[in-house]
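Thanks for coming. I have a few minutes on one structure, so please look at the picture while I talk.

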Amino acid sequence: MAAPRVIVVGAGLSGLSCAVDLHRAGAAPLVLEGSDGVGGRVRTDEVEGFLLDRGFQVLLTAYPEARRLLDYRSLSLRRFFPGAVIRSDGRFARLADPWRRPLAAVGGVLSGLVPPADALRIARLRARVRRGSALPERPTRERLHAEGLSEGIVERFFRPFLGGVFLDPDLETSDRQLEFVFRMFSAGAIAVPAAGMWEIPRQLAARLPARALHLGERVVALEQDGVRTADGGGARGDAVVVATDGTAARELVALPGELRWRAVTCLYFAAPSPPVPGPVLVLNGEGRGPVNNLCVMSEVSSRYAPPGQALVSATVLGVGGEGEGDLERGVRDHLTEWFGGEVAGWRHLRTYRVERALPDQSPPTPQPRLQPSRLREGLYLCGDHRADASINGAMASGRAAAAAVLEDLGPFRS
């Protein structure tokens, strides 16, 4: 048989991962993307010489799917400091990862930021997570308290840190996801490509044949042997893989139920100098004010800002109901408490309100987390809503969909 044509609807990370695997196997993927670029939720904009990721995003280098698919050297990854700066009790304190910076981590204990009992319990939690847990599923906050961690360390560190990872200020996310990300943080680094997060989908797209990717082609309906696009045209193929976000996918394939989302807002500011030196994440451990976490992206990679300027990223969980001006003023007031009058001189570049940022992962979550891709022979589904809500989950789901397609189509020659 000749190489089958497989239509992939969506050029986010799951769709691109699926298409790359199909192409490697000799199939002929045709990727139809409704927007003007690849990446889905992993996009970057160039604004006045600054690189603005559409929401604060990072890559965990230990992700197994990322390690399988990506060329880290070509991405020129820039790593974050292994730890964080915590804003607590009106001051900043640096908290280092004791397994990577043991001497620096002592300061967190001596300063009282991490009581010795909590330090021991965190070590015990890390060991349990690395071994794998057979405990019943529960919300992350319940799990942290069940591990004996004090309310103080949960509020000062875990709430803003994991809340920023899960986009969940109440830590209702399943502890299955806690265990997964804890293992990833323990096994690798937090990083971004030197030229922005969009380099990840760009690298994947570059591995496809030139005519395999079509931008500005929005699929509006599935047909018996292909798809129909918004301009009245369409495409025919041997199989269709729906790789849109979870809500759009449900509409296309008429799945029952509604997908719940976690939302986030990210504000970018141009500053004459970095308010915090170094590639470090700043966490709001005080539990008040709109900003959950902050990072000076130009300290992580100098390419994020023009020479002589700094790019400040401030993350607010949710999208809120404030108008653009009210939100910016609230964030400025909050950051003025942290950094003083210099914040008045920062120039607002752009605000991103991302309503569909991450699928909600509150318990009970499907088990196994990687859900079957095959809806029926010839129709397949992938995306982070079919796995854990992460870059790794999106890529894993794309791989699984490609495998299901190839299994059903049988042997063929390219």
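This is a predicted model: local features need pLDDT of at least 70, side-chain atom pairs count only at pLDDT 80 or more; totals for chains, interfaces and linings use all residues.

Start with helix 8, which covers residues 175–187. From its first C-alpha to its last, this 13-residue helix reaches 18 Å, close to the 18 Å expected at 1.5 Å a residue. At the N-terminal end sits a cap, S174, with a side-chain oxygen 3.0 Å from the backbone nitrogen of R176.

Why is helix 8 described as largely enclosed by the rest of the structure? Because 10 of its 13 residues are buried, where buried means under 20% relative accessible area. Among the buried residues are the phenylalanines F180, F182 and F185, and D175 and E179 are buried too.

Seven strands make up an open sheet with mixed pairing, and the order across it is 8-7-16-17-18-15-19. Which strands are at the edges? Those are strand 8, residues 91–96, and strand 19, residues 347–359, and each of them pairs on one side only. From one strand to the next, the twist averages 25°.

Strand 19 has strand 15, residues 261–271, as a partner; the two run antiparallel and are joined over nine bridges. Within that pairing, A270 stands opposite R347 of strand 19.

Helix 7, residues 151–166, packs on this sheet.

How values were computed:
Residues are numbered from 1 along each chain as its sequence is written. Side-chain values use heavy atoms; hydrogens and water are left out. Helices (H or I, at least four residues) and strands (E, at least two) are DSSP runs, numbered from the N terminus. The expected span of a helix is 1.5 Å times one less than its number of residues. Buried means under 20% relative accessible area, exposed over 50%, partly exposed in between (1.4 Å probe, protein chains only). A polar contact is a pair of N or O atoms within 3.5 Å; within protein, one must be able to donate a hydrogen and the other to accept it, and residues adjacent in sequence count only if both atoms are side-chain atoms. Two strands pair if DSSP finds at least two bridges between them. Axes are lines fitted to C-alpha atoms, for helices over the stretch in contact, and angles run from 0 to 180 degrees between N-to-C directions. Contact means heavy atoms within 4.5 Å.
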